[in-house]
Amino acid sequence: MTDSYIYVITALLPLTACMLVCQVNPYHALVIRGILGALATLVYAVLGAADVALTEALVGTMLAITLYVVAVRSSLVMRIGILKDGTSKGSESLQDDGKAGCDFEELIDNLRTTMSKYHLRLELVTYPDRQALNQGLIEKKIHATLTKSEIWERDDQKHPVGEDEQQPYQTAIGVRRLYEIMQSELSSSRTILTYIGATKEAQEKH
């Protein structure tokens, strides 16, 4: 009866493992993985396997969790390229129209909200011109580009009318899954979504 606590601790191992497998949030999974490693270390120590407990604590828990954190932080991010002068807050074109600046901030907030549902961080990457911006998307340094719609960039048409007036920005996306997410869940109507891989896929089929 005095060793009954060992059975309780041991029973927590498969329970914690099931929680880890069923966890959707990767950050919560990291916490549960740490708890699982601590329980395993405790069981090994209680049963007299001090060397195995030390190995589990250092390698199976601390080192593994550190590597997982690095992998999660580097992979669960969506990088959107923007122009240094044209879409970022404080640029000359947005200073000319305060409403455009509010539209941009609203669009970015909506993007962050949408991506957070999938535990993705939104990161804005600034480029000096369109050529560098498009090149970054082609080279897959970024996942999407966010620029002002061409009709809004014409000097002779500062106040467009019609449907394009409601969509002053255009977003080109290079990852199909991200395009599907944004197409189905993005609540903002201030941007036109385009999947740039569609043309390439059509060419490969032919």
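**A guided reading of the predicted model**

On the surface of this chain, seven residues make up a nonpolar patch: Leu-54, Leu-58, Val-59, Met-62, Leu-63, Leu-67 and Tyr-68. Together they present about 700 Å² of accessible area. One of them, Leu-54, belongs to helix H3, which comprises residues 50-75. The relative accessible area of Leu-54 is 52%, and because the threshold for exposure is over 50%, this residue counts as exposed.

The protein chain contains nine helices and five strands. The chain has 206 residues, of which 38% count as buried. Its accessible surface amounts to about 12,700 Å², and carbon and sulfur atoms account for 58% of that area. Contacts across the sequence can also be considered: among those between residues at least 6 apart in sequence, 57% join residues at least 24 apart.

Asn-25 sits in the loop that lies between helix H1 (4-22) and helix H2 (26-46). Its relative accessibility is 14%; since buried means under 20% relative accessible area, Asn-25 is classed as buried.

Within H8, the residues Leu-178, Tyr-179, Ile-181 and Met-182 are buried. These four lie on the same side of H8, because the arc they cover around the axis is only 165°. The face of H8 turned away from this buried side carries Gln-183 and Ser-184, both of which are exposed.

Finally, the confidence of the prediction deserves attention. The mean pLDDT of the protein chain is 79, and 76% of its residues reach 70 or more. Over residues 152-157, the pLDDT is below 50, and this stretch has nine contacts in the model beyond near neighbours in sequence. Residues 201-206 likewise have pLDDT below 50; for this stretch, the model contains two contacts beyond near neighbours in sequence.

Methods
Residues numbered from 1 in each chain as written. Predicted model: local features only at pLDDT ≥ 70, side-chain atom pairs only at ≥ 80, totals over all residues. Heavy atoms only, no water. Patch = residues over 30% accessible without salt bridge, like charges linked within 9 Å, V, L, I, M, F, W, Y side chains within 5 Å. Areas by Shrake-Rupley, 256 points an atom, 1.4 Å probe, with all protein chains shown as cover. Salt bridge = Lys/Arg side-chain N within 4 Å of Asp/Glu carboxyl O. Helix = DSSP H or I, 4+ residues; strand = E, 2+ residues; numbered from the N terminus. Buried < 20%, exposed > 50% of the residue type's maximum accessible area, 1.4 Å probe, protein only. Arc of directions from axis to C-beta. Contact = heavy atoms within 4.5 Å. pLDDT = per-residue confidence, 0-100.
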